[in-house]
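Work through the following exercises with the sequence and the model open beside you. Each task is followed by a solution that goes step by step.

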There are 2 protein chains.
Amino acid sequence: VQANLVILPRDLAHDFLRFAQANPRPCPVLAVSEAGSPQFPSLGEDLDIRTDLPRYRIWRHGELVEEPHDISHAWRSDLVSFALGCSFSFEEALLQADVPLRHIARGLGVPMYRTSIQTQRAGRFHGPVVVSMRPLKPADAIRAVQITGRLPAVHGAPIHLGYPEQIGIADLAKPDYGHALPLEPGELPVFWACGVTPQAAIAAAGIPFAITHAPGYMLVTDLKNAQLAV
Amino acid sequence: VQANLVILPRDLAHDFLRFAQANPRPCPVLAVSEAGSPQFPSLGEDLDIRTDLPRYRIWRHGELVEEPHDISHAWRSDLVSFALGCSFSFEEALLQADVPLRHIARGLGVPMYRTSIQTQRAGRFHGPVVVSMRPLKPADAIRAVQITGRLPAVHGAPIHLGYPEQIGIADLAKPDYGHALPLEPGELPVFWACGVTPQAAIAAAGIPFAITHAPGYMLVTDLKNAQLAV
């Protein structure tokens, strides 16, 4: 299991946890740390949140200010860390079921879009739901709904398919994150809620201080994806 | 639980059961009778297959020859009856989940189409998969895949959505059975395998003698739909 990471000062942690609880599709919580502890005992024995990820993002007042490979220099005793489920887990399940994923075949980052769907606000946290998009043939889209629906800990079933304009995406060729991925004839664009949503909320809310993973540079845990299925 | 009905002479019964086993999406078997017995003990205590349905179809050499309200006159001691799952069951589950079904709201029969998808042949039985179509908004289509996916005894998840031409349907306005149902803007046509498929096989194979329900005039059993979920 790989995970999205969000790190916040203790005084914002409860509101963020309420935000995640209210928005479980983009923000499925796998673990919450003790304040000041750089560990997730339930996710891995010798895990160190400060150094284990290959790339981080440091945010000040909602602005991305740094993308370091280590956050030891920015660590504080009041920081609470959140590990959130990631689509890499359901992608493993899709590939095992022979549902082809073009962005993986091409070695590209999955295209992600800010949508017109708003998250449920909690305290200062609000903003658009961010989605990832995978182009699939109709029968594969149906299988993908069934397979990912059994995996609510890693975003669950898609939240939309077929009509990008209905969720405020004007141009599939211009993702807000990741790489563009053209649809082939007879394919449907299928959209899943995405763990980059908290980063959009941190930016929208102008949160004074936060650290996240950099998109695509995830926390690798000791859990197996197969353990997540309900 | 309501059910599709297929009645065949004993010498065709094994091939039909193989056909159903090989094509579980259109032909999910709920019960098979003893030869000559007009009962399904597992589906209802005082059920009589010869009189309980409101309308039947009698087929000779693949041709529909009669649509009686009672088949006592055509009953034979070598007849084997098959009860097959029906979409009426999953429609109850969809309505309980607030997934709107336009054909029900309008009091129409669901539109059904012969497709270019072929069933797996077994003995003499072969022919096209027949599908039913329900127009749904994308988020409802996703919910419908999840809900009906848990109900394999009554056709399970859709087999297609979005592009009718990919499964050989040239014109949605011209169903082969039932009533036409126009799509509204932003809706997707969602297609489920249909229990009328055996009737298409009986016609395609020119089966010498068969009795079925008339489309929409089902066997009503003592089971509850909620018992079917996996």
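Helices (H or I, at least four residues) and strands (E, at least two) are DSSP runs, numbered from the N terminus. This is a predicted model, in which local features need pLDDT of at least 70 and side-chain atom pairs count only at pLDDT 80 or more, while totals for chains, interfaces and linings use all residues. Residues are numbered from 1 along each chain as its sequence is written, chains are lettered from A and ligands numbered from 1 in the order in which they are written, and side-chain values use heavy atoms, with hydrogens and water left out.

**Exercise 1.** Find out which residues of α5(B) are buried and what covers them.

*Solution.* Helix α5 of chain B comprises residues 197-205, and seven of its nine residues are buried, so the helix is largely enclosed by the rest of the structure. The buried residues are B:Thr197, B:Pro198, B:Gln199, B:Ala200, B:Ala201, B:Ile202 and B:Ala205. Their cover includes, from chain B, the helix α1 (10-22) and the strands β1 (2-9), β3 (56-60), β5 (79-85), β7 (128-136) and β10 (209-213). After the helix comes B:Gly206, which has a positive phi near 60°.

**Exercise 2.** Describe chain A as a whole, from its secondary structure to its contacts.

*Solution.* Count the elements to begin with: chain A has five helices and 11 strands. Its C-alpha trace spans about 55 × 35 × 30 Å along the principal axes. Of its 230 residues, 55% count as buried. Turning to contacts between residues at least 6 apart in sequence, 76% of those in chain A join residues at least 24 apart.

Technical notes
Buried means under 20% relative accessible area, exposed over 50%, partly exposed in between (1.4 Å probe, protein chains only). Contact means heavy atoms within 4.5 Å.
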